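Subject: Structure handover

Hello,

Here is the structure I promised to pass on. Please open it first, then read the notes below it.

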Amino acid sequence: MKISAYFYLVMLVFLTACHQQTKPTNPTVKSDKPNIIIFYADDMGYGDLAIQNPQSKIPTPNLDQLAREGLLMTDAHSSSGVCTPSRYALLSGRYHWRDFNDIVHSMGESVFKENQVTLPKILKENGYHTAAIGKWHLGWNWEAIRKKDFTQKERVIRGKKELEIWPAQAYDWTKSIPNGPLSIGFDSYFGDGTINFPPYTWIKNDKVTEAPIETLKLPREDMPLEGNWELRPGPAVKDWDFYNVLPTITSSAVTFIKNQEKADKPFFLYLPFPSPHAPIIPNEDFIGKSKAGPYGDWVYETDDAIGQVLAALKAIDADEDTIVIFTSDNGSERYAYDRIKNYNHDSSHPFRGVKRDVYEGGHHVPFIVKWPNKIKPGTTSSQLFSQIDILNTLATITNSDLPKGFQHDSYNFSKLWLEENNKVVRANIIHNTFTSKYAVRKGDWLYINNKDGYHARIPEWFVEGQRFKTAKDTVQLFNLKDDIGQTTNLASQFPKKVNELATVLLKEQKTETFKN
């Protein structure tokens with residue numbers, strides 16, 4: 001009996017050991033490389049987030065919670081005050097103005113150079129599965145699929161202008177469209193390109209899922225809930241539903257996350273939303289959820305979309321293994337002025353200006369980063385930061401190789417994020433939207449090489465109500481520590497500071513940091 005009992009005990013230990021050795025590992029823990037999600041809002045102002053603007057009339061519960069669980073950077077900036085350049089700068093780690101200033105217009109070509117260094121390429125080469133879902137607005141080679149024997153353009157009216165465009169029949173929609181997301185390092189893409197630009201159809205990887213058959217001029221006779229449709233005419237599928245764009249992108253992102261549960265690679269998901277960009281079209285379930293009108297409801301729906309994706313991440317037990325970043329491509333659209341009057345909500349609070357402006361309201365954007373057990377929750381940083389710095393920072397954190405000689409404008413903030421090292425990383429930033437106006441930020445000082453930092457049209461009632469104090473100078477100088485709203489031009493009082501910052505600008509403009 002003793003021998004038998006001993007034998008069974010030995011066998012029990014042996015079988016237990018075998019079971020422990022063959023126990024499957026958690027499929028969401030792929031390596032020491034974290035997953036990465038970048039949520040990129042479109043035209044969301046700094047003052048829209050409730051957690052950083054107590055006066056906001058818009059509830060943003062998911063973004064507020066993200067900030068409480070991570071790091072809130074309060075002096076973060078997009079490269080430009082408009083869409084395309086900011087996206088280019090984020091993905092390339094390079095000031096947009098070194099290469100271009102304008103947006104990609106309807107059916108426009110890619111802004112990327114051949115073999116250009118990009119964030120998705122760097123991560124892909126390091127074993128990441130890279131995906132983009134949502135707004136692209138960085139160009140494709142549409143000419144490659146245009147039928148050269150089709151010669152008849154169509155005349156359309158947009159606003160007060162008459163335009164000539166290629167109709168849907170001028171393209172071979174069965175062909176692959178070159179120079180899109182797949183050409184710069186993304187393994188997959190799904191989205192509508194740009195919500196208010198043609199073609200109005202879904203694109204999967206490098207092909208449309210349904211061929212456009214008509215020319216969309218305006219989708220309906222009525223107006224969106226706020227502002228204008230802002231739609232460019234062009235090829236469209238029949239009965240294209242603009243209201244379905246954000247829900248479809250959200251559900252696609254949720255599906256992507258769920259599909260990563262058993263994946264053997266870490267993933268990088270770039271998720272640029274079409275909202276709260278115009279057309280301002282919150283869906284019925286979200287109407288009235290804010291106290292800032294339809295735009296506020298559109299922001300709230302965007303916040304809800306982020307919540308859905310984060311819930312999917314937790315559902316596959318990947319929350320702690322994922323770096324989550326939220327930011328916006330620029331400040332709020334010019335409709336923000338009307339919201340001040342109609343709803344007492346200031347999307348740019350506490351800054352001056354809106355989208356397109358070189359004033360802070362054009363490019364000073366919300367920025368949150370979370371990585372559980374790595375980034376201390378509930379922290380803030382007032383260090384000067386640019387979205388251009390995301391590339392270098394993530395490359396460092398993931399131990400991804402940068403090309404030899406890579407000296408872009410991107411700075412490494414990994415020590416600030418992970419170690420709370422408060423040593424100054426970035427000494428200055430060059431702000432720019434259009435070719436005629438540049439600004440230089442250095443410390444508390446901001447210099448603008450023009451007497452006017454506006455580009456967007458300003459309502460007369462707003463100008464009369466603000467009465468900004470401006471000296472009669474050809475340039476502007478502000479001390480943001482004392483005057484975050486940029487109300488008083490100090491250029492005539494501090495000519496040496498003007499000269500110092502003007503020299504910084506000239507030096508940066510003449511310095512080519514890297515040729516791809």
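First, a term: on a 1 Å grid over the protein atoms alone, a cavity is a set of points where a 1.4 Å probe fits but cannot get out, and lining residues have an atom within 4 Å of a point. Grid points are joined across faces, edges and corners, and a volume is the space filled by probe spheres set on the points.

This is a predicted model: local features need pLDDT of at least 70, side-chain atom pairs count only at pLDDT 80 or more, and totals for chains, interfaces and linings use all residues. Residues are numbered from 1 along each chain as its sequence is written, and side-chain values use heavy atoms, with hydrogens and water left out.

Cavities

There are two cavities of 30 Å³ or more.

Helix α6

Helices are DSSP runs (H or I, at least four residues), and strands are too (E, at least two), numbered from the N terminus. Helix α6 covers residues 293-315. Of its 23 residues, 17 are buried, so α6 is largely enclosed by the rest of the structure. Buried means under 20% relative accessible area, exposed over 50%, partly exposed in between (1.4 Å probe, protein chains only). Just after α6, aspartate 317 takes a positive phi of about 60°.

Salt bridges

The structure holds 23 salt bridges. Each is a side-chain nitrogen of Lys or Arg within 4 Å of a carboxyl oxygen of Asp or Glu.

Aspartate 42 pairs with arginine 87 at 3.4 Å, N to O. Aspartate 42 sits in the loop between β1 and α2, and arginine 87 in helix α3, 45 residues apart. Both residues are buried.

Glutamate 508 meets arginine 98 at 3.3 Å, N to O. Glutamate 508 is in helix α11 and arginine 98 in the loop between α3 and α4, so the pair ties together parts that are 410 residues apart in sequence. Arginine 98 is buried, with a relative accessible area of 14%.

Arginine 334 and glutamate 230 form a salt bridge at 3.3 Å, N to O. Shared partners join Asp43, Glu230, Glu333, Arg334, Lys355 and Arg356 into one network of salt bridges.

Best wishes

Technical notes
1 Å grid on protein atoms, 1.4 Å probe; cavity = no way out; pocket = protein on both sides within 12 Å on 5 of 7 lines; lining within 4 Å. Expected span 1.5 Å × (residues − 1).
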